[in-house]
Amino acid sequence: METILSVQGLEKSFKDKQVLKSISFEVKQGEIMAILGPNGAGKSTTIRNIMGIIYPDRGEVIFHQYKDIPRHKIGYLPEERGLYKNVKVMDMLLYLADLKDYPLKKAKERALAYLEKFDLKGKENVNLEELSKGMNQKVQFISSILHEPELLILDEPFSGLDPVSQDVFKDEIRHLADQGTAILLSSHQMNLVEEICDRLFMIQQGEKVIYGSLDDVKTEYANFKCTIRGHNDLTVLKQLPQVQRIDHQPDRAVLYLDHDVTPTLWLKNLPVELHIQELSIDRISLHEIFVDIANSNQSNEKVGEQHA
Ligand SMILES: Nc1ncnc2c1ncn2[C@@H]1O[C@H](COP(=O)(O)OP(=O)(O)OP(=O)(O)O)[C@@H](O)[C@H]1O
């Protein structure tokens, strides 16, 4: 698939603090690329650089082969929510579509269809300030996609939404990607990211820690875990081979297995006296990979600080 956005070696400092350190990634046509990282990692700063809201100290943002990003081909949902207040929903949607040179008749048809899809049918003449926070977010999301952008950038699109609305957003984002839109999204909701993203870029303290397809990342970082429901002593579980870490509760244990474990061979070594009501083997989730990497980088940093 064609590369739509290419971010090359972005560096950015605020005063003497460097918050982006050589950030490079691409977003291709028809893919959902997630940018992940703990609070303060640099996700929004990266997105603001791409959108030209702030400028990098070094590095480039390239759209197709061009350095000038055509605004009408991009849709953007910023982290800051809230558009205009004393304006009617449809007026605001059409105003923003017009700014992107999108035909008004088509914009109105699409707006009505999207309002219905997002459970806002009949709200077109309501003032934005009369809508709830989640409703406002839906309208803002509609405004970011109404003009059929080639590249859609969503900063925390799921935050503040109820589970039903999250699903509607998730389905629409996937649908847009399937139709060819290149999508870059940042999110803390790992379960949703895991469900919809094709590739991911994880950033920590302004630096890349993971970049690749969800499948590759899982193969590289997601060890297997074995969950056993049953009453087993921790001392017994600790004797099992190739176990990195155990989360133990009286009636349940999760055993995080070494990286090179072949589950079928490992299962053969389980002692017969183990109490098993249920047993399952799964790859660890993106959430667990994220927490592991965030924790290990933090402890490396503390070690570094102690040696400095
Ligand atoms: N305008 C600014 N002036 C000074 N420092 C800033 C500015 N904007 C961001 N920062 C700093 O840059 C770092 C990265 O912030 P950024 O908002 O990009 O993080 P984030 O990954 O989006 O975090 P979150 O998940 O909390 O939204 C933080 O240390 C933040 O304090």
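Reply: Some ground rules to start: two strands pair if DSSP finds at least two bridges between them. Helices (H or I, at least four residues) and strands (E, at least two) are DSSP runs, numbered from the N terminus. This model is predicted, with local features needing pLDDT of at least 70, side-chain atom pairs counting only at pLDDT 80 or more, and totals for chains, interfaces and linings using all residues. Residues are numbered from 1 along each chain as its sequence is written.

Me: How many bridges join strand 1 to strand 2?

Reply: Strand 1 covers residues 3-14, and it runs antiparallel to strand 2. Lys 12, for instance, stands opposite Leu 20 in strand 2. The number of bridges joining the two strands is 8.

Me: Why is helix 1 described as largely enclosed?

Reply: A residue is buried if 20 or more other C-beta atoms lie within 10 Å of its own, exposed if 12 or fewer, and partly exposed in between, with C-beta atoms placed from the backbone. Among the buried ones here are Lys 43, Ile 47 and Ile 50. Helix 1 is largely enclosed by the rest of the structure because the buried residues number 6 of the 8.

Me: Which residue just after helix 1 takes a positive phi?

Reply: Helix 1 spans residues 43-50. Just after it, a positive phi of about 75 degrees is taken by Gly 52.
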